[in-house]
Amino acid sequence: MQQPRYSRVAIIWSLKEYDCVPSTQSTLKDLIENNTELPEGIVIHAKRQTNGYGRHGRVWEQGDGNLYLSFLVKPKCSLDRVGQLSLLTGLALSDTIDKYMPAQKSTLKWPNDVMVNNKKCAGILIEAAPIKDNRCEYFIIGVGVNIKSAPLDIATSLETHSTQGIDVKEFRDIFLSRFSEIYNSWQIYGFEDIHAKYLEKTYERDTEISVKLGSKHIEGKFESIDMDGNLLLMCNEKIKRISSGEIYATSN
Ligand code: BTN
């Protein structure tokens with residue numbers, strides 16, 4: 001069957017490189033504050049961060065030779081599809097990581113941590129602009145990848161699992177190009193294919209998990225991820241739909 005032609009072009013990336021910033025997220029936010037017309041595709045890449053942060057306000061540790069990146073996207077979508085943006089970013093990152101590890105595949109821990117050998121090697125933080133008319137004008141996507149070092153024991157670095165040294169800028173460019181490909185396909189054809197690919201890579205498949213929601217924990221069996229990016233958890237023979245939380249532990 002002939003595929004319809006793409007009606008959008010790939011994102012045009014515009015790169016700003018820094019030696020050291022407090023956080024690539026806050027650097028990009030400052031730029032946006034001073035110029036609300038900034039186009040999609042601005043990328044902030046820093047060799048070091050002094051105040052990097054992750055989801056739930058946690059510190060994102062600095063490790064030498066790792067990737068610290070934030071970029072601006074302005075998708076044409078309503079707010080209920082933001083969960084999809086988060087999953088597709090994880091998929092693009094996992095696909096990029098897999099190119100460097102022929103013997104092993106990375107997995108995706110909901111919503112978008114990338115795991116290698118049961119340890120986290122990359123994290124994604126998505127921050128939204130203030131909401132107007134159930135739309136969000138832009139999103140800032142932050143990506144941290146442990147390429148050369150793993151700052152914490154519970155984490156791992158890609159070079160530990162790769163047969164080759166990894167050039168951070170080459171990794172960045174491959175990731176941005178894969179992100180652009182998946183993002184473009186999402187905007188044109190929707191989420192179905194991306195959702196199927198994400199599910200193939202889920203870390204939690206067939207496991208009992210504990211999910212942290214605020215100060216509470218809910219236990220259950222991982223069932224699936226729905227088309228809006230929610231986690232579906234089987235608890236006491238009922239499906240619970242969870243839109244945001246953190247998977248704490250898994251056991252087979
Ligand atoms: C997480 O797993 O909690 C998400 C971590 C996101 C970290 C990245 S590093 C680049 C960008 N700048 C930041 O301060 N945070 C994100």
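**Terms and their grounds**

Reply: The accessible surface of the protein chain is about 13,000 Å², and 48% of this area belongs to carbon and sulfur atoms. The model is a predicted one.

Me: What makes up the secondary structure of the protein chain?

Reply: The protein chain holds 5 helices and 14 strands. A run counts as a helix with at least four residues and as a strand with at least two.

Me: Why is the protein chain called as compact as a globular protein of that length?

Reply: The globule rule gives 18 Å for 252 residues, and the radius of gyration of the protein chain is 18 Å, close to that value, so the description as compact applies. The C-alpha atoms fill a box of roughly 50 × 45 × 40 Å along the principal axes.

Me: What percentage of the residues in the protein chain is buried?

Reply: Buried means under 20% relative accessible area. Of the 252 residues in the protein chain, 50% are buried.

Me: Among contacts between residues at least 6 apart in sequence, what share joins residues at least 24 apart?

Reply: A contact requires heavy atoms within 4.5 Å. Among those contacts in the protein chain, 67% join residues at least 24 apart.

Terms used
Residues are numbered from 1 along each chain as its sequence is written. This is a predicted model: local features need pLDDT of at least 70, side-chain atom pairs count only at pLDDT 80 or more; totals for chains, interfaces and linings use all residues. Side-chain values use heavy atoms; hydrogens and water are left out. The radius of gyration is taken over C-alpha atoms; the globule rule is 2.2 Å times the number of residues to the power 0.38. Buried means under 20% relative accessible area, exposed over 50%, partly exposed in between (1.4 Å probe, protein chains only). Accessible areas come from the Shrake-Rupley method with a 1.4 Å probe; for residues, only the protein chains shown count as cover.
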